[in-house]
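Subject: Structure for your review

Dear colleague,

Please find below the structure that I am handing over to you. My findings on one of its domain interfaces follow it.

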Amino acid sequence: MANNLGLAVKPVTETPEAEIKRVAEWINTEEYKEKNFARTSLVINPAHACQPLGAELAAHGFEGTLPFVHGSQGCTSYFRSTFNRHFREPAPAASSSMTEDGAVFGGQNNLHEGLENAYTIYKPKMIAVFTSCMPEIIGDDLTAFIKNAKQKECVPADFPTPYANTPSFNGCHIHGYDAMLLSILQTLTTGKQVEGRCTGKLNLIAGFDANTGNYREYKRILEAFGIPYTFLADISETFDSPLDGHYKIYPGGTKLDDAADSINGKATLALGTYSTAKTFTWIKDNYSGKHVSMPVPFGIAKTDALLMKISELFGKPVPESLKAERGRAIDLMTDAHQYIHGKKFAVYGDPDYLLGYVSFLLEMGARPHHIMCSKGTKKLEKELQALLDASMYGKDCNIYMNKDLWHMRSLVVTDPVDAMIGDSHGKFAARDAKIPLFRFGFPIFDRVNLHRVPLIGYQGTINMLSTICNKFIDITDETCDNRHFELMR
Amino acid sequence: MSHAIKTIEGITKESTQEMIDKSLEVYSEKAKKKRAPHLAPNDQASGSACVKSNRKTVPGVMSARGCAYAGAKGVVWGPIRDMVHVSHGPVGCGWYSWGTRRNLMSGTTGVDSFAMQFTSDFQEKDIVYGGDKKLKTLLQEAKELFPLAKGISVLSECPVGLIGDDINSVAKTSSKELDIPIIPCNCEGFRGVSQSLGHHISNDTIRDYIIETREFPEPIGPYDIALIGEYNIGGDAWSTKPLLEECGLNVKSVWTGDGEMEKIAATHQVKLNVIHCYRSMNYMCKVMEEKYGIPWIELNFFGPTKIKESLRKLAELFDDSIKEKVEAVIAKYDPIMQAVIEEYKPRLEGKKVMLYVGGLRPRHTINAYEDLGMSCVGSGYEFAHGDDYDRTSVEMPEATVVYDDVSEYEFEQFADTLKPDLIGSGIKEKYLFQKMGIPFRQMHSWDYSGPYHGYLGFPTFAKDVDMAINSPTWSLVKAPF
């Protein structure tokens, strides 16, 4: 009975120490790296999650919005706990809790019952529905299901229920973000376009970004310009709410009225060309005013470009305060360049962040030696290569598309670098390579407060640079011999 | 069994029922009807469950439950350190459950220990054409890249079962070709109502594919036991295994914390199974009892009172030499535990705790809090069954609230009424209650601390509870202006 595989019964064995030692050395070799890179089917330690996670992040960015996962309930728990761990904040979301009978009869009953309960109990202003695997495979028709839900009065007919198909077997978290954001904007702006009306505001989209500090930084920049704005999918309050003895289920997010009126904006700026691609395409065709899609502003050049674009769109000069801030950032960069110049880095993460890391490093004369995207495209590869080609420090740097962190491990142990930049999941490869990991990506599960430290703009450049350089100086202090342990560095 | 009836001042069946009724007011009639049987005041004298359990979650209420895959990958299979555990399907499930349970492992990662994320990362084409071919290839790749792995588990995610892939057949063929045990586990997340079915399915796969396939090379002795349902959260097994060994017993295998596949496969040879987490592994204890005549005993390693009681209960099953050793162990640790209690009890006496965890701790930890002078004023499980609630009844004070698969709303309402000094629950609950100003400890993961099991664990547990409740930071919540 016990042996369904029909294997021969064998004695329990202990792997000899010498064998463990041999394999431990072998996995650090070129030979192993080649075998590792020859993989076609097994993915080991991927640096990306699935679509619905991103959809939930977008949903959390709107006022009074309850994210609602249509699918198995385990998915919801996984998404929520990921955000809980990263932000160390609550992340309320509901599920339609589909089970076996859903596979047979479809998920409509679960969805209807779930919407009714979520609406009654948690009193949201909007429920953002997105899917995990199960309804996608059995072919649930969300359009019809939600229409029927309103007919059955599970939720009021005029209650906003944007929905997005976010199958986990397609794309990754940034695409789910894009799909959900698009649906939310389509839903809220329906019938809201007014001929001749202009809100005078800038609509800003940050892209998939789980750093609340970045959101606050964007606002600070726009306020310095004195430009009125609507920040779409603004998670800064949702995931950075004060502890004052009261739990608020919806502590922040873009006001729904503002989001609705965003279609009459003066200009719309979508940052993160990879995580806002579909949304931007739709905005271009439907929103009033001007539309611009730009990279996430990491480093000086990309921040300069953003400020000049804002200046151009609103006919306002770059404010003195930001000019001074730029000067301070450059001051630090020149002060600190000697601690980072020529250092080699391995970087990995989402496309929009990756482009940012690379341009920032090149500006500092550092080398982004291994560049890895676990869910990349030819377009991204080209764009990264163009950045490398434009700098002498980009020479001999390598780009790896659709590889994972086990590939990355092979890279950093066979072709060493001084540090890695990415999310917490890179800590295993970094430890094996005995190099520091700078946690600028998502998620960060093993350090406190980093999601509040902005990385974008001039201030973000200052933050990244001081973190990196001081760590390198720490390493010198910790590892140098006594004769070279000096007061000044 | 007769138990002293514990009471809490101000808590009566009526007051608890009133609180429950109030929490249900918000629901529709249909939802109220479904939720009401899962909430009730405890009847301590009855010794039996006061709530319904192991039922489908009511859609939309915001449950903390996970799925069958979570029970299989996260709980039963994942902690076996020398196997490659493949999350078969799309990338997410494996990624979310990667390193998030804190089942610690010995060995060298990627060499003879595999606390990593292996997945087939299903794409659209795998859904359309099926993933069996991909699975076959990836098994070869795993064998080649990780030659010291003792086995491979294939843990199905939702799509696999829905598109009708036959992982069992692939596992069987590849297992022969690669000469390595490959265990197919049909634990798709949509199966069952919670993690619990994933435990059961995984137990069944151990029964069908693993047990009896290995034998211990040395002769079996009278003190050879296995430790079942110990997952080494924060190093728990590194406390309980040495403790049992100090009592003169040989722990031949641990299921499955820091576990070794071959030793698990040879467990049919032991003389006794000691089970800690009954919910997730009672199935295999019962199988081993029926098939191999191995008796099993449920123990509790939380807090000195229960540890002492458990060790004496265990000694009863052995000869005098073990009984003497157990008494010597108790005599050795009693004063150390007493010192811990003397240090912390004055600061914790009279404090109230509410619990909501998985399938064991909502009852097993109650007495550890009581050792510190605290009382449990509410408890419940994500995925327990009736037999768990039977066992809970005697541990909880009379008339305190019992909640099964509690919704976030209900839990918040109960906490708001009962005003506990501490809540022990999971990461999804943690920040909600901390925003309310209520101290909190994650009781699935020991909140990045541990171990909490055994004599080694209790001082850490006591320190953490004290730290959470008495942190001076809580006094700053209310602004002076």
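Buried area is the accessible area, taken with a 1.4 Å probe, that two parts lose on being put together, summed over both. Please keep in mind that the model is predicted.

Chain A is divided into domain 1 (51-189), domain 2 (202-317) and domain 3 (326-479). This message concerns domain 1 and domain 2 of chain A. Their centres, taken over C-alpha atoms, are separated by 23 Å.

How much area do domain 1 and domain 2 of chain A bury between them? The value is about 3,000 Å², and 69% of it lies on carbon and sulfur atoms. On the side of domain 1 of chain A, the residues that lose the most area to domain 2 of chain A are A:Glu63, A:Tyr177 and A:Asp178, which together account for 20% of what that side buries.

In terms of contacts, 32 residues of domain 1 of chain A meet 36 residues of domain 2 of chain A. Across this interface the rule finds 12 residue pairs in polar contact, both at pLDDT 80 or more, and zero salt bridges.

Which elements supply the side of domain 1 of chain A that touches domain 2 of chain A? Those giving two or more residues are helix 3 (51-60), strand 3 (65-70), helix 4 (73-87) and helix 9 (173-189) of chain A. Helix 9 of chain A provides the largest share, 10 residues. By class, this side of domain 1 of chain A has 18 nonpolar, nine polar and five charged residues.

Yours sincerely

Notes. Residues numbered from 1 in each chain as written. Chains lettered and ligands numbered in written order. Predicted model: local features only at pLDDT ≥ 70, side-chain atom pairs only at ≥ 80, totals over all residues. Heavy atoms only, no water. Domains from an automatic or database assignment. Contact = heavy atoms within 4.5 Å. Salt bridge = Lys/Arg side-chain N within 4 Å of Asp/Glu carboxyl O. Polar contact = N/O pair within 3.5 Å; in protein donor to acceptor, adjacent residues only side chain to side chain. Helix = DSSP H or I, 4+ residues; strand = E, 2+ residues; numbered from the N terminus. Nonpolar A, V, L, I, M, F, W, Y, C, P; charged D, E, K, R; others polar.
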